[in-house]
Amino acid sequence: MYRILTAAALSLLLNRSLILGENREKLHFGEYIAYSDHSFSLKEIKLLWARNGCATKYKRPLVMRIDDFQRPAQTGVLCEDWREWKQPIVWFQGTTDTTAIQFFLKNIHPGMRDGALMLLGSPRIPSSRPNLFGELMKVIILPTRAVEEAVNWALNGGPDPDITLHMRLRASSSRRALYAAYNCIKNSLHELSHTNARPRVVLVTDTPSVVRHIKEELKEYAEIMHFDYMSYSSQNSSEIMSATYFQPSKLRARDWGPMPRWVAFVDFFLASRARHAVISGAHRRVGTTYAQLIAAMAAANKLHSNCCHMLYADENLAYPLNFSFYSSFQSTLLAGGLGNQVGWGHVWNRFGGKLSCHNQTDQCALTPLLPCGWWDGPWQSPIVRDIRRLKTYGVDMKDTGEVLETSLLSFCKSRKIPVKTMALQLPSCKKKCQR
């Protein structure tokens with residue numbers, strides 16, 4: 001999903017059209033996600049290029065320039081002015097989370113950097129940061145009819161959930177993460193105490209064995225909903241929604257859970273209907289990319305459901321009115337600060353360095369809807385591993401997170417970035433290109 005969302009963000013930054021994939025009929029996860037018409041497929045571009053004689057009449061061959069973010073020696077994300085690229089198509093590879101697009105905030109060319117700042121907000125002013133990926137999802141994706149029916153079945157005729165709890169436990173039997181999350185939920189429910197209706201909490205987890213425990217613990221405070229895919233599959237004749245369809249590999253079962261992968265799409269669209277809060281808890285890493293996407297989509301849904309589209313901003317974060325994204329930390333995860341929240345895709349990774357506070361109690365922390373891409377915002381600092389990784393991109397960074405801009409400029413001036421392109425074959429226009 002982040003590949004598509006990054007491409008969409010880049011299309012805004014460069015004022016280019018968005019291409020989602022090779023063929024609209026074969027887009028990724030097309031059985032479960034319906035994609036907006038505000039985009040093109042590569043097949044459609046090729047037909048338009050041939051039909052209008054772009055290559056023959058106007059001497060503009062259809063060429064794609066490829067930049068791979070995962071290859072520091074070959075990416076121009078920091079050193080190149082992408083607005084000057086003449087190739088008709090740009091493919092930004094290796095964009096698996098929110099980090100890649102945010103590297104443009106440090107691009108050495110003022111026009112690129114200013115454009116990224118306008119799109120992403122200032123990392124030094126968290127309240128200026130928009131819910132970029134949530135708003136893009138709101139425009140680009142919808143659940144297919146099969147997924148929508150499963151979501152409605154889970155709602156059982158009732159209203160949308162008030163709160164979503166996402167627990168990534170990876171089959172852990174420890175209850176510490178659960179007890180921390182309970183307190184976070186109770187705090188959120190207290191904020192809903194002015195309503196008369198019984199609150200609804202939807203539970204999403206990779207460890208089905210904890211569902212009964214959570215329901216029992218919270219039944220006094222709220223109605224707990226969980227999508228029971230086995231029950232749904234037994235009542236549904238659709239092959240793509242069966243209990244044996246789209247099974248995870250053995251390698252991924254521990255990471256993603258034992259459920260068929262289509263369950264994650266139902267869970268996502270169900271969880272993103274939360275009207276008040278999304279809470280992320282985990283055995284180890286809190287605020288995974290999946291939880292980030294749920295919270296971002298839920299916030300976008302909330303914003304568009306408010307008649308006046310009002311925003312409020314506290315001193316730290318910007319949210320739609322009456323909506324929050326929380327990270328639930330048990331004290332054992334905080335003994336050494338946030339240094340164990342490794343991985344650029346995790347929302348708390350930027351806070352894991354020397355400025356991270358150690359030996360804290362359980363926390364229910366407000367969490368940004370757009371995770372930070374750099375380490376120089378308030379209270380941020382990098383771990384040693386990230387300092388070393390950034391060095392491969394030409395970035396010298398202090399252990400307090402400040403980037404040495406002059407060294408990056410020198411690095412960019414001293415290197416020659418290889419240009420990787422691919423000429424695309426156009427269809428014959430004898431029949432296929434007819435209007």
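Accessible areas here come from the Shrake-Rupley method with a 1.4 Å probe, and for residues only the protein chains shown count as cover. The model is predicted: local features need pLDDT of at least 70, side-chain atom pairs count only at pLDDT 80 or more, and totals for chains, interfaces and linings use all residues. Residues are numbered from 1 along each chain as its sequence is written, and side-chain values use heavy atoms, without hydrogens and water.

**Exercise 1.** State the accessible surface of the protein chain and the share that belongs to carbon and sulfur atoms.

*Solution.* The surface comes to about 21200 Å². Carbon and sulfur atoms account for 53% of that surface. As for burial, 53% of the 435 residues count as buried (under 20% relative accessible area; exposed is over 50%, partly exposed in between; 1.4 Å probe, protein chains only).

**Exercise 2.** Determine what share of the contacts in the protein chain between residues at least 6 apart in sequence joins residues at least 24 apart.

*Solution.* A contact means heavy atoms within 4.5 Å. Of the contacts between residues at least 6 apart, 71% join residues at least 24 apart.

**Exercise 3.** Locate F29 and R170, and describe the phi and exposure of each.

*Solution.* Most residues other than glycine have a negative phi. F29, not a glycine, has a positive phi of about 60 degrees. F29 is found in the loop between α1 (2-14) and β1 (33-35), and at 32% relative accessibility F29 counts as partly exposed. R170 also has a positive phi, near 50 degrees. The loop between β5 (163-168) and α7 (176-191) holds R170, which is partly exposed at 30% relative accessibility. Helices (H or I, at least four residues) and strands (E, at least two) are DSSP runs, numbered from the N terminus.
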